[in-house]
Amino acid sequence: MSEQQPGGFERGTDGPKVIMAGVDGSASSLRATAYAAGLARRQNALLALVYVQPVLGAGAALGAPTAGTTEEIAEDLVAQIRRSAEQVKDLWRIRWEFHTFRGDAYTGLVRAAEELTADAVVVGASESAGHRIAGSVAVRLVKAGRWPVTVVP
């Protein structure tokens, strides 16, 4: 018989406890949220929905009220998610939380995944043509190799 060695935290050994989804209001991020919700429901995991508020330095320099705009987006996303959760509450029980972080999308999602101890990350595929050149957030998360990442089209 082999002895169990005491060790540190091991992610995902008994199934995921926290499934994180990045949401920004785009169609692909909402599909990713729905996919992540299904995973969380089947695994009895917590669904952590994360919106990263972009830092809009150029707009702020020109006097645009950017902080309020990103907070309005976050509030609208929470309202949409609450409406969707209310519609299916009698069919599926799911534990979920909504979190906001500030910064660029990649850095914000990495920070969120670390702080929330995510076992898996689900994001929508980029809808921006410019990401073919600079690289999408999803590709950067996959390349980081720190969590299982699912990219939903």
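**Helices, sheet and charged pairs**

Because Arg 111 and Glu 115 are four residues apart in helix H4, which covers residues 105-115, about one helical turn separates them. Helices here are DSSP runs of H or I with at least four residues, strands are E runs of at least two, and both are numbered from the N terminus. The structure is a predicted model, in which local features need pLDDT of at least 70 and side-chain atom pairs count only at pLDDT 80 or more, while totals for chains, interfaces and linings use all residues. Residues are numbered from 1 along each chain as its sequence is written, and side-chain values use heavy atoms, with hydrogens and water left out.

Arg 111 and Glu 115 form a salt bridge in which the closest N and O atoms are 3.0 Å apart; the term stands for a side-chain nitrogen of Lys or Arg within 4 Å of a carboxyl oxygen of Asp or Glu. Side chains of opposite charge can pair when their charged atoms come close. The structure holds two salt bridges, and the other one to look at joins Glu 114 to Arg 146, with 1.9 Å between the closest N and O atoms. This pair links distant parts of the chain, since Glu 114 sits in helix H4 and Arg 146 lies 32 residues away, in the loop between helix H6 (137-144) and strand S5 (149-152). Arg 111 is partly exposed at a relative accessible area of 40%, as are Glu 114 at 39% and Arg 146 at 42%. Buried means under 20% relative accessible area, exposed means over 50%, and partly exposed lies in between, with a 1.4 Å probe and protein chains only.

Now step back to the whole chain, which has six helices and five strands, arranged along the sequence in the pattern β-α-β-α-α-β-α-β-α-α-β. Of its 153 residues, 33% are buried.

The five strands form an open sheet with parallel pairing and the order S3-S2-S1-S4-S5; two strands pair if DSSP finds at least two bridges between them. Strand S3 (96-102) and S5 are the edge strands, each pairing on one side only. On average, neighbouring strands of this sheet are turned by 25° against each other, direction ignored. Within the sheet, strand S1 (residues 18-22) runs parallel to strand S4 (residues 120-124) and is joined to S4 by three bridges, and Ile 19 has Ala 120 as its bridge partner in S4. Helix H1 (residues 27-43) lies across S1, strand S2 (46-53), S4 and S5, and runs at about 150° to S4; such angles run from 0 to 180 degrees between N-to-C directions, along axes fitted to C-alpha atoms, for helices over the stretch in contact.

Gln 53, in strand S2, counts as buried at 6% relative accessibility. Not counting residues up to four places away in sequence, Gln 53 touches several residues, including Thr 70, Ala 74 and Phe 101, where contact means heavy atoms within 4.5 Å. The Gln 53 side chain also makes a polar contact with the side chain of Arg 102 at 2.8 Å. A polar contact is a pair of N or O atoms within 3.5 Å; within protein, one must be able to donate a hydrogen and the other to accept it, and residues adjacent in sequence count only if both atoms are side-chain atoms. Asp 119, in the loop between H4 and S4, is buried at 7% relative accessibility, and its side chain reaches the backbone nitrogen of Lys 17 at 2.6 Å.
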